[in-house]
Amino acid sequence: MTLYLENETDHEFSFDTEETAEMVCRAVLEREGCPYEAQVNLVLTDGAGIRELNRQYRNMDSETDVLSFPNVDFAGEGEFDMDPHREADYFDPDTGELVLGDIMISVDRVLSQAEAYGHSVRREFAFLVAHSMLHLCGYDHMEEAEREIMEARQEEILAELGITRD
């Protein structure tokens with residue numbers, strides 16, 4: 001798995017964001033049974049940056065914690081059966097990796113939500129990476145049943161990694 005991480009902010013975390021993000025991404029891909037080597041782009045931005053992206057791409061003029069931009073059109077949640085006619089759209093021609101998409105995380109929200117929920121900044125960061133990775137694997141939470149499935153998956157993955165609310 002290849003993770004490209006860019007921090008557009010001046011904030012320095014007390015943990016290795018790249019190591020944590022890569023660990024979570026790998027765990028999600030393993031849990032979902034991804035048969036390919038994959039590639040993910042992760043950008044850490046601030047509240048204003050994510051608000052602009054949210055406005056531009058979702059027509060919502062408000063801050064949010066994380067945005068996911070999937071590159072793959074999944075037939076269903078975690079179904080990695082690729083349309084052979086779309087391979088050029090999904091795979092990096094240089095590496096052969098499946099390009100899952102982009103994750104944008106608001107550092108401001110990571111910090112404020114960790115405090116509000118009473119857990120570590122690393123736990124909040126890992127939670128948002130797991131959440132977004134599930135989106136990149138075809139999951140959504142528009143319906144209550146979908147939300148429950150996603151939440152359970154996120155918690156199971158983080159628990160397996162030992163990244164708990166404690």
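At what angle do the axes of helix H1 and helix H6 cross, and within what distance do they come? Please bear in mind that this is a predicted model. Two packed helices are described by the angle between their axes and the distance between the axes. Here, the axes of H1, residues 17–32, and H6, residues 144–160, cross at roughly 120° and come within 10 Å. H1 is therefore oblique to H6. The crossing of the two helices, H1 and H6, is right-handed. On the H1 side, the contact is made by Val24, Ala27, Val28, Arg31 and Glu32, and H6 contributes Arg153, Glu156, Ile157, Leu158 and Glu160.

I turn next to helix H5. This helix spans residues 121–136, 16 residues in total. From its first C-alpha to its last, H5 reaches 23 Å, close to the 22 Å expected at 1.5 Å a residue. H5 is also mostly covered, with 14 of its 16 residues buried. After H5 comes glycine 138, which has a positive phi, near 100°.

Threonine 64 lies in the loop between helix H2, residues 47–58, and strand E3, residues 66–70. Is threonine 64 buried or exposed? Its relative accessibility is 15%, and buried means under 20%, so threonine 64 counts as buried. Leaving aside residues up to four places away in sequence, threonine 64 touches Ile50, Asn54, Ser106 and Arg109.

Thank you for your attention.

Conventions: Residues are numbered from 1 along each chain as its sequence is written. This is a predicted model: local features need pLDDT of at least 70, side-chain atom pairs count only at pLDDT 80 or more; totals for chains, interfaces and linings use all residues. Side-chain values use heavy atoms; hydrogens and water are left out. Helices (H or I, at least four residues) and strands (E, at least two) are DSSP runs, numbered from the N terminus. The expected span of a helix is 1.5 Å times one less than its number of residues. Buried means under 20% relative accessible area, exposed over 50%, partly exposed in between (1.4 Å probe, protein chains only). Axes are lines fitted to C-alpha atoms, for helices over the stretch in contact, and angles run from 0 to 180 degrees between N-to-C directions. Angles under 35 degrees count as roughly parallel, over 145 as roughly antiparallel, 65 to 115 as roughly perpendicular and the rest as oblique. A crossing is left-handed if the near helix is turned anticlockwise from the far one by less than a right angle, and right-handed if clockwise. Contact means heavy atoms within 4.5 Å.
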